[in-house]
Amino acid sequence: MLKIYKTKLDEEKKLLEDELGTLGQVDKKGDWEATPDDKMVTQEVQDEGDMADRSEDYEERSIKLNFLELRLADINRALEKMNGGNYGICEVCKKKIEMDRLEVNPAARTCKEHMDKVV
Ligand SMILES: [Zn+2]
C-alpha cells in the first residue's frame with residue numbers, strides 16, 4: 001500500500017531534481033540556487049539591452065527554482081514520514097489523510113479539511 005506512494009514520491013523527486021539541475025545548483029548549505037547564465041559573464045555583457053533580458057531570465061529561473069525546491073522539500077518530508085512510520089497523518093488534526101487525497105498528492109501534509117491551514 002505505502003509502497004505505491006513511495007514509488008510515486010521517488011519518481012517525482014527524481015524528476016524535480018533533474019529539473020532543478022537544469023535551472024541551478026546546490027550551494028554549500030544544501031540550498032538550490034539558480035545558476036547565472038554563463039554567457040552573462042562574457043564579453044556580451046557590453047550590450048545593456050541584452051543584459052536586461054538575461055537577468056530577467058535569471059529572475060524567472062529563480063522563481064521556478066524556488067517553487068520546485070518547496071515541492072521537493074514536501075516530498076522529502078513525506079519520505080521521512082514513511083521512514084518514521086507517521087506517513088499519511090494530518091499535521092493539524094493527526095487523523096488519517098483521505099486515500100483519494102494522497103492519490104492525487106502523495107506528499108500531502110494534511111487532510112482535506114485542513115489543506116488550507118498549512119502553507
Ligand atoms: Zn486534518
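**Close-ups of a zinc site and its salt bridges**

Along the chain, the zinc donors are spaced C-x2-C-x17-C-x2-H. Everything shown here comes from a predicted model.

**View 1. Four protein donors hold the zinc ion.** Cys90, Cys93 and Cys111 each bring their SG atom, and His114 brings ND1. These atoms sit 1.9 to 2.3 Å from the metal. The angles between the four donor atoms run from 97 to 118°, so the arrangement is tetrahedral.

**View 2. Lys94 has a positive phi without being a glycine.** Its phi is about 65°. Lys94 belongs to the loop between helix H2 (48-84) and helix H3 (99-104), and at 60% relative accessibility it counts as exposed.

**View 3. Glu91 pairs with Arg77 and with Arg109.** For Glu91 and Arg77, the closest N and O atoms are 3.0 Å apart. That pair ties the loop between H2 and H3 to helix H2, across 14 residues. Shared partners join Asp74, Arg77, Lys81, Glu91 and Arg109 into one salt-bridge network. Arg109 is buried at 17% relative accessibility, while Glu91 is partly exposed at 22% and Arg77 is partly exposed at 34%.

**View 4. Lys8 and Glu103 form a salt bridge.** The N to O distance is 3.7 Å. Lys8 lies in helix H1 (residues 2-23) and Glu103 in helix H3, 95 residues apart. Lys8 is partly exposed at 28%, as is Glu103 at 43%. The whole structure has ten salt bridges.

Key:
Residues numbered from 1 in each chain as written. Predicted model: local features only at pLDDT ≥ 70, side-chain atom pairs only at ≥ 80, totals over all residues. Heavy atoms only, no water. Donors = N, O, S within 2.8 Å, 3.2 Å for Na, K, Ca; no water. Tetrahedral: all angles 85-135°; square planar, octahedral: opposite > 155°, others 65-115°. Helix = DSSP H or I, 4+ residues; strand = E, 2+ residues; numbered from the N terminus. Buried < 20%, exposed > 50% of the residue type's maximum accessible area, 1.4 Å probe, protein only. Salt bridge = Lys/Arg side-chain N within 4 Å of Asp/Glu carboxyl O.
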